[in-house]
Amino acid sequence: MNVIPYTIQGDRVVIDYSNPIFQGHFPGKPMLPGVYIIQIATDYASILTGRNLVVRSIKRCRYFMPVTPDLGAEYRIENSVAAQDNDTYQIEFTLLAGQTPVAQIKAQLVCL
């Protein structure tokens with residue numbers, strides 16, 4: 001079973017609402033768990049830097065609306081990544097449905 005319910009395609013992410021994780025979160029009202037939004041931000045930063053990054057700390061994390069099929073399957077990513085040293089990066093990430101922010105994250109990531 002594939003537990004990753006999204007694919008990143010350039011500066012877009014596509015959510016697969018048929019993924020089995022949505023059967024339990026929540027039955028009859030599928031919603032992408034917030035932890036996956038944090039993982040999308042981390043994966044996107046890893047792609048941009050070519051490094052395998054993980055979250056060291058989250059400075060700010062705001063969810064403006066739930067990520068549900070009502071918003072569609074495709075979301076746009078706005079992201080900035082700044083190296084703080086060889087192994088640490090600061091990211092500012094926004095996930096958008098059209099022009100509407102769905103979530104914003106500011107975090108420090110570190111190489112594995």
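The chain has two helices and six strands, taken as DSSP runs (H or I, at least four residues, for helices; E, at least two, for strands) numbered from the N terminus. In this predicted model, local features need pLDDT of at least 70, side-chain atom pairs count only at pLDDT 80 or more, and totals for chains, interfaces and linings use all residues. Residues are numbered from 1 along each chain as its sequence is written, and side-chain values use heavy atoms, without hydrogens and water. The order of elements from the N terminus is β-β-α-α-β-β-β-β.

The C-alpha atoms fill a box of roughly 45 × 30 × 25 Å along the principal axes.

Of the 112 residues, 38% are buried (under 20% relative accessible area, 1.4 Å probe, protein chains only). The largest nonpolar core holds 29 residues. Such a core is a set of buried Ala, Val, Leu, Ile, Met, Phe, Trp, Tyr and Cys residues joined through side-chain atoms within 4.5 Å. Ile15, Val67, Tyr75 and Phe93 have the most contacts inside this core. Strand E2 (12-15), helix H1 (21-24), helix H2 (34-49) and strands E4 (74-83), E5 (88-97) and E6 (100-111) each supply at least two of its residues. H2 gives the largest share, seven residues.

Leaving aside residues up to four places away in sequence, Val67 touches Ile15, Tyr17, Pro30, Met31, Leu32, Ile37, Tyr75, Leu95 and Val102 (contact: heavy atoms within 4.5 Å).

Conventions. Buried means under 20% relative accessible area, exposed over 50%, partly exposed in between (1.4 Å probe, protein chains only).
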